[in-house]
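Subject: Handing over a structure, with notes

Dear colleague,

I am passing on the structure that you will find just below, and after it I have written out what was found there. Please read the notes with the structure open beside them.

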Amino acid sequence: MFQLLPGHIQPTGHRTRKSRLVTKDGHCNIEFGNIEYSNHFAFVVDFWTTFVEIRWRFVLLLFVAAFTGSWFVFSLLWYWIAKSNGDLTVQNQTEGHVRCIDNVNGLTTAFLYSLETQTTIGYGGRALTGHCAGTVALIIFQSLVGVFINCFMCGIILAKISLPKKRAKTVTFSNTAVICLKKGSLCLLIRVANLRKTLLIGSQIYGKLLKTTTTPDGETIILDQVDVDFTVDAGKDNLFFVCPLTLYHVINRSSPFYELTADTLPLQDFELVVFLDGTAESTSSSCQVRTSYIPQEIQWGYSFLPIISRTKTGKYRVDFSNFSKSVQVTTPHCVHCFETDVDQRNHNSYNKENHNNHLKLGIDNLGFQVIDIHDPVDVTKM
């Protein structure tokens, strides 16, 4: 009943499913179409999330445009004030003319003065005279706008650098999953490792099986989701994620893989998505790591190689060269075969026990008690 299964060879004419909902590195392969124009306004209202999630090239473009644009707009205002007061060189200035801005003689010098004001450079060549109330109000307003732009852009850059999904880059899953016997049950095994020494607190692991199903009413459901429970030896929640863990899913009657066999597995069309949720110990930010497995990435009759050892100095060493490597092991051909073999062994054990009980002489009477009598008994003959 148990046998060493050879590696599966993809049948001729069977194409590997290339399209999947979740890629190996966790990105979702989905697009939205025919969205109403009014719904796009919601992205503008939630501008902070929109700016944080856009690509870096657009963030850098926004950074340059925000500063240079503000400098240029305020330079036009400074130029307008200087021209209105007659401070430009080309204007005829009367004797005793009071300037609003010194050394602003054109649009170029007005732009330089705007840049120096907002960046607080202050070379000293261009400055306000203090004789015009409008210039005082404008320099206050420009300074406040400059502080707002600085805070906003620094916040966006800091938020993008510290995105939780960046922490997920240092958590990796095994390239393949395996199916073998574990603790007397047929299980699907997956490995996950945290590449940083800082822990993920409150880690939770679960899975979703995505496949196309047809209801009894004839309705076809694309990407129907079925829960797949994973656990480790230490439990299901609040894992001590200090070293690579082996996740396993017991294939029993409640498992969506119950009807699979070693021969039918490569012919299936499903996608197993595995999730790991946790909180980074160093930043206290929540993150989620995702990966997926298609039938061609699940090896039946294989087991992962050991990767944890202990050195002579007493330290524990993790060999990541064997992280995704597996070796063939003796595995039943299907779950039904395994259950039939277990039932047969239990039946043989039961028959053997009954046979041994029939070899006993007499019948055990559980109500019979043996009483020791120490005093002699007088027997009177009639």
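In this model, which is predicted, helix α3 (residues 56-85) packs with helix α5 (residues 133-161) at an angle of about 180 degrees, and the axes of the two helices are 11 Å apart. Since an angle over 145 degrees counts as roughly antiparallel, α3 is therefore roughly antiparallel to α5. Sorted by class, the residues in the contact of α3 with α5 are 19 nonpolar, five polar and one charged.

The UniProt record, an unreviewed entry, lists residues 58-81 and 136-159 under "transmembrane region". In the model, the span of residues 58-81 is 100% helix and 0% strand, with its end C-alpha atoms 34 Å apart. The span of residues 136-159 is likewise 100% helix and 0% strand, and its end C-alpha atoms lie 35 Å apart.

Next come the aromatic rings, where a search of the whole structure finds twelve pairs. One of the pairs is formed by phenylalanine 47 and phenylalanine 51, whose ring centres are 6.3 Å apart and whose planes stand at 65 degrees, so that this pair is edge-to-face. Both residues belong to helix α2 (residues 47-53), and because they are four residues apart in that helix, about one helical turn separates them. Phenylalanine 47 is partly exposed, with a relative accessible area of 42%, and phenylalanine 51 is also partly exposed, with a relative accessible area of 24%. A further pair joins phenylalanine 320 and phenylalanine 323, with ring centres 5.9 Å apart and planes at 45 degrees, so this one is tilted. Here phenylalanine 320 is partly exposed at a relative accessible area of 40%, whereas phenylalanine 323, at 6% relative accessibility, counts as buried. Ring pairs also link Phe47, Trp48, Phe51, Phe148 and Phe152 into a cluster.

Turning to the strands, I would start with β5 (residues 177-182), of which five of the six residues are buried, so that this strand is largely enclosed by the rest of the structure. Strand β5 is joined to strand β12 (residues 298-300) by three bridges, and these two strands run parallel; alanine 177 has isoleucine 298 as its bridge partner in β12. Strand β5 is also joined to strand β6 (residues 185-194), in this case by five bridges and with the strands running antiparallel. Lysine 182 has serine 185 as its bridge partner in β6. The hairpin of β5 and β6 has two residues between the strands, and in this hairpin lysine 183 takes a positive phi near 55 degrees.

Asparagine 103 has a phi near 65 degrees, which is a positive value in a residue other than glycine. Asparagine 103 sits in the loop between β2 (101-102) and α4 (107-118), and with a relative accessible area of 42% this asparagine is partly exposed. Threonine 120, which is again a residue other than glycine, has a positive phi near 55 degrees. The place of threonine 120 is the loop between α4 and β3 (127-128), and at 67% relative accessibility this threonine counts as exposed.

Finally, there is an open sheet of four strands, which are arranged in the order β8-β7-β10-β11 with antiparallel pairing. Strands β8 (220-229) and β11 (286-293) stand at the edges of the sheet, and because each has a single partner strand, one side of each is left without a neighbour in the sheet. From one strand to the next, the twist averages 25 degrees. Within this sheet, strand β7 (residues 200-214) and strand β10 (residues 270-280) run antiparallel and are joined by ten bridges, and in β10 it is valine 273 that stands opposite lysine 208.

With best wishes

Notes. Residues are numbered from 1 along each chain as its sequence is written. This is a predicted model: local features need pLDDT of at least 70, side-chain atom pairs count only at pLDDT 80 or more; totals for chains, interfaces and linings use all residues. Side-chain values use heavy atoms; hydrogens and water are left out. UniProt positions are given in the numbering used here, feature names are shortened, and annotations may be inferred rather than shown by experiment. Axes are lines fitted to C-alpha atoms, for helices over the stretch in contact, and angles run from 0 to 180 degrees between N-to-C directions. Angles under 35 degrees count as roughly parallel, over 145 as roughly antiparallel, 65 to 115 as roughly perpendicular and the rest as oblique. Ala, Val, Leu, Ile, Met, Phe, Trp, Tyr, Cys and Pro count as nonpolar, Asp, Glu, Lys and Arg as charged, and the others, Gly among them, as polar. Buried means under 20% relative accessible area, exposed over 50%, partly exposed in between (1.4 Å probe, protein chains only). Two strands pair if DSSP finds at least two bridges between them. Rings of Phe, Tyr and Trp (its six-membered ring) pair if their centres lie within 6.5 Å; planes under 30 degrees apart count as stacked, over 60 as edge-to-face and the rest as tilted.
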